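Here are a few notes to read alongside the model.

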Amino acid sequence: MLVAAAACPCPPLLVPEVAAGAAPELDAARAACRDALGVLVAARPDLLVVLGPAGERGCGSFPQGTPGSFRGFGVDLEVCLGHATGVVPERELPLSLAVGAWLLERVGWADAPVEGLGVGETLGPGRCTEVGRQIGGRAGRVALLVMGDGSACRSVKAPGYLDERAAPFDAEIARALGAADAAAVRALDTGLARELKVSGRAPWQVLAGAAETADLTGTLLYEEAPYGVGYLVATWS
């Protein structure tokens, strides 16, 4: 059963080595992520699953010990999903899960086995719900670290330029995640999310599926749109 979840943004800029001189601009987001992971630690789960958006090559399961890196950003920094197991994985973590692994390393995660799941950004709400239910039944106490960003259309300098629909859509996401409103998360408009370049839609809907039978309370820890992209941090416990 799902006992706790943390929703965190997944921009590579969250990693100071990638952000370089701009690193202080996301200090508040990093602090909120650290607080959110503290909720996962306190829940004492039997299993932690890290979810994040992924392209076709990054979809599917990733075992504990899978490596990831930020070499694509010119940074010689590698991460590992939980403790290394000695098993040589077939592929590296997709970027969203690499950011999640970096967050876990920051808090020295050693409380439970860890697995990763790359979620296809086109996965429909119904299938997301099914996947979430399956994850929720994996162990007696399951925790989720859910990586994903809101819209990328909050300003003229945003990756998707300015779209007046973006701020209201992000506000509803923040409200739903902050209230642990699983029904509202499942009801997010898939088409609009795609138009607004919302990377977190599918992972959040997997979370909603996992939380169907759990009586959890939500807390919104952070909500900003630096660089014109909606970043938020929330916990369910």
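1. A nonpolar core here is a set of buried Ala, Val, Leu, Ile, Met, Phe, Trp, Tyr and Cys residues joined through side-chain atoms within 4.5 Å. Buried means under 20% relative accessible area, exposed over 50%, and partly exposed in between (1.4 Å probe, protein chains only). This is a predicted model, so local features need pLDDT of at least 70 and side-chain atom pairs count only at pLDDT 80 or more, while totals for chains, interfaces and linings use all residues. Residues are numbered from 1 along each chain as its sequence is written, and side-chain values use heavy atoms, with hydrogens and water left out.

2. The largest nonpolar core has 43 residues, and Cys8, Leu40, Leu48, Val50, Phe70, Leu104 and Leu145 touch the most other members. Apart from it lies another core of 42 residues, including Leu117 and Trp204.

3. Take Leu145: beyond its neighbours within four places in sequence, its contacts (heavy atoms within 4.5 Å) include Cys8, Leu40, Leu48, Val50 and Leu104.

4. On to charges: the whole structure holds eleven salt bridges, each a side-chain nitrogen of Lys or Arg within 4 Å of a carboxyl oxygen of Asp or Glu. Arg71 pairs with Glu78, their closest N and O atoms 3.1 Å apart. Arg71 is partly exposed at 43%, whereas Glu78 is exposed at 53% relative accessibility. Glu92 joins these two in a network of salt bridges.

5. Which residue forms a salt bridge with Glu195? The partner is Arg165, with the closest N and O atoms 2.9 Å apart. Glu195 is partly exposed at 47%, and Arg165 is partly exposed at 38%.
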